[in-house]
Number of protein chains: 2
Amino acid sequence: MASIKDVAAEAGVSVATVSRVLNDHPSVSVDARTRVLAAVEALGYRPNAVARSLRTDQTRTLGLVISDVMNPYFTELARSVEEEARALGYSVIFGNADERPDLQDHHVRTLLDRRIDGLLVSPTDGGSPLMLDAARAGTPMVFVDRWIPGVDVPVVRADGRPAVRDLVAHLHGLGHRRLAIIAGPAATTTGSERVEAFREALAEYGLPLPDAYIGQGDFQAESGRRATDAFLDLAEPPEVVFAADNLMALGALDAVRARGMRVPEDIALAAFDDIPWFVHTDPPVTAVAQPTGELGRAAVRALVDVIEGRPPQSVTLAAWLVVRRSCGEPAPATPPAEPSATNRSQP
Amino acid sequence: MASIKDVAAEAGVSVATVSRVLNDHPSVSVDARTRVLAAVEALGYRPNAVARSLRTDQTRTLGLVISDVMNPYFTELARSVEEEARALGYSVIFGNADERPDLQDHHVRTLLDRRIDGLLVSPTDGGSPLMLDAARAGTPMVFVDRWIPGVDVPVVRADGRPAVRDLVAHLHGLGHRRLAIIAGPAATTTGSERVEAFREALAEYGLPLPDAYIGQGDFQAESGRRATDAFLDLAEPPEVVFAADNLMALGALDAVRARGMRVPEDIALAAFDDIPWFVHTDPPVTAVAQPTGELGRAAVRALVDVIEGRPPQSVTLAAWLVVRRSCGEPAPATPPAEPSATNRSQP
DNA sequence: CCTCCTCGTGGAATCGATTACACGTCCATG
DNA sequence: CATGGACGTGTAATCGATTCCACGAGGAGG
């Protein structure tokens, strides 16, 4: 593969001049410029990003460590992150943590070794020493969706509280009183927050959230299946299961179907995270929708702000309830479109 | 960030010795080794992968240009690729082409500039000059799922022909005679092959495939919606729609539902690519399943073979039919598990 | 006509690693 | 006791870019 030296030789100039042409530095004569460009064309030369990065100490690359790519929510997040990054002139390297702290660390380490310019993380746990050190050492970093309390890193996320309150109101209105939740890992903010929001909303209606009605999941389908099975084995099973993410909702659906039971007649189901398939499931699933695309884009903008030395902004967007038929009662109208930002605050 | 020089200074040895310790070269004294390791620990030193890559001319990174991450089939492919690559000591950089040739080229170019060791591509089109040049120039490369005819690059894919034949047999057995297909772009092999397989299978039953029953899609949901609408507007609409991928099947479902019609009573539906959600759609969708995970792993193994100078192997695996209820008639039993490789051949 | 500035250019240092080569020690062998 | 090989180590070249500095040519101004 041709290097800058070959181009310089071909064009009859020094490597310095070639470099200047390539980075369109002002002081290059028209003559030199055309000769260099011709040589570049003739040799099919492409600058070596590795060498350039070594010299300039920047890779124009962002790292994204995602909790689980197979989760459609995170897939969409990843996609929007890549799009916005590309628009801003950055590439993205993804790492899939599969909800495993060890894998998460592996990816953070690899990304750091590659000298990415900044790191976008949706932490799977409370933060390994590695990640905490990186944050402390000043690696540009932004948390997206989930975050780690007590770490001074901007957070871009959606606040699901009001939507969860709407959901509980909806369920209560349908006459449901025994409501259960399949929670995510307590070590994740989304794992614990959703339970808290749910509990608080229940309290407003004077409803309890007994321990037996809190299934411990890990954001994966299999755990949704197990938790639902446990609920169904109870002497007094819940009337509604609220899954804290879409994969656990899928698992819940599996479990209900395996017993030959029906949603919502035998048990109602709701989920956090809305995905296109929920429109076509049997029955269509009532869900809390997040402005996923906007979340990804905002996270990239925040990270690039940090990288380029501008003051970073934490961003909190609103989530909203999309009522379908999985809790009883037919859906009334079309769900609203993604609303835009409602609230921005300094971290 | 500490460099190898700092470590050398801290340990009181030369950088050469540090490097030897890090790459566990045999001739280093125990004393030097322990001192270096201590220094590494003390400084929290991590080797700079950028510098290392420049010197060694290898990045231990694979590039994967995927047609569309939002398609669950490709998401799973991406996941398995990353897993196998990690097991073999490589990282993966993903590029999402979104079925757009220009984006595909953008990613190929970026990846090449980064000097990835090898490229895994599921081409969106017939091959841009850029990609063809790269292949010709000897960039280690493997096609996965889709390929470009006439290019000397190993291909890892599933053969859907027998499964499509099974599908047609199934449909014919249910009494369906007017069968339509929503095809992918003709420029992709999977786009044209699936139509061909369908046409041939129909011919075995003496059934025609009129042009009006070939909807032109682009593997995205919206095109499935449009094509289905067109079918439904026909004087004599088809009894079955076979979508060449799962997203177009989703679009078809949308279109049917929008007209207040029902699957399979008003029109039957089948899809290429099986995904977990198809079990829970209304109705569960009959689909051709691919050994996606094995495809991704085999592709990585083939690519690493090329990179490390071993003779590459093209791999063709079998796809299979999973009957559910979207074509009429209840599903009999559980679908079989992923079968393993059936056929390997030199490209 | 001399001086100074601007402009275009090239030489060479640099980024952080790897590695060929040379050198000194020490021990075993003849 | 001399010699040669093995071993551990350091020096320096190298990878492909960017960029500081110096230099020569040419034009403007005094």
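In chain B, strand S6 (residues 179-183) runs parallel to S7(B), and the two are joined by 3 bridges. One of the residues involved is B:Ile181, whose bridge partner in S7(B) is B:Ile214. The model is a predicted one, and what follows should be read with that in mind.

The pair belongs to an open sheet of 6 strands in chain B, with mixed pairing and the order S7-S6-S8-S9-S10-S12. At the edges stand strand S7 (214-216) and strand S12 (320-322) of chain B; each has a single partner strand, so one side of each goes without a neighbour in the sheet. From one strand to the next, the twist averages 20°.

Two helices come up against these strands. Helix H8 (residues 161-173) of chain B lies across S6, S8 (240-243), S9 (268-272), S10 (286-289) and S12 of chain B, and its direction is at about 35° to S12(B). Helix H10 (residues 221-233) of chain B packs on the sheet too, touching S6, S7 and S8 of chain B, with its direction at about 155° to that of S6(B).

Then there is the loop between H8 and S6 of chain B, which is where B:His176 sits. This histidine has a relative accessible area of 12%, and because the cut-off for buried is under 20%, B:His176 counts as buried. Setting aside residues up to four places away in sequence, B:His176 touches B:Leu171, B:Glu239, B:Val240, B:Ala268 and B:Cys327.

Terms used:
Residues numbered from 1 in each chain as written. Chains lettered and ligands numbered in written order. Predicted model: local features only at pLDDT ≥ 70, side-chain atom pairs only at ≥ 80, totals over all residues. Heavy atoms only, no water. Pairing = 2+ DSSP bridges. Helix = DSSP H or I, 4+ residues; strand = E, 2+ residues; numbered from the N terminus. Axes fitted to C-alpha atoms, helices over the stretch in contact; angles between N-to-C directions. Contact = heavy atoms within 4.5 Å. Buried < 20%, exposed > 50% of the residue type's maximum accessible area, 1.4 Å probe, protein only.
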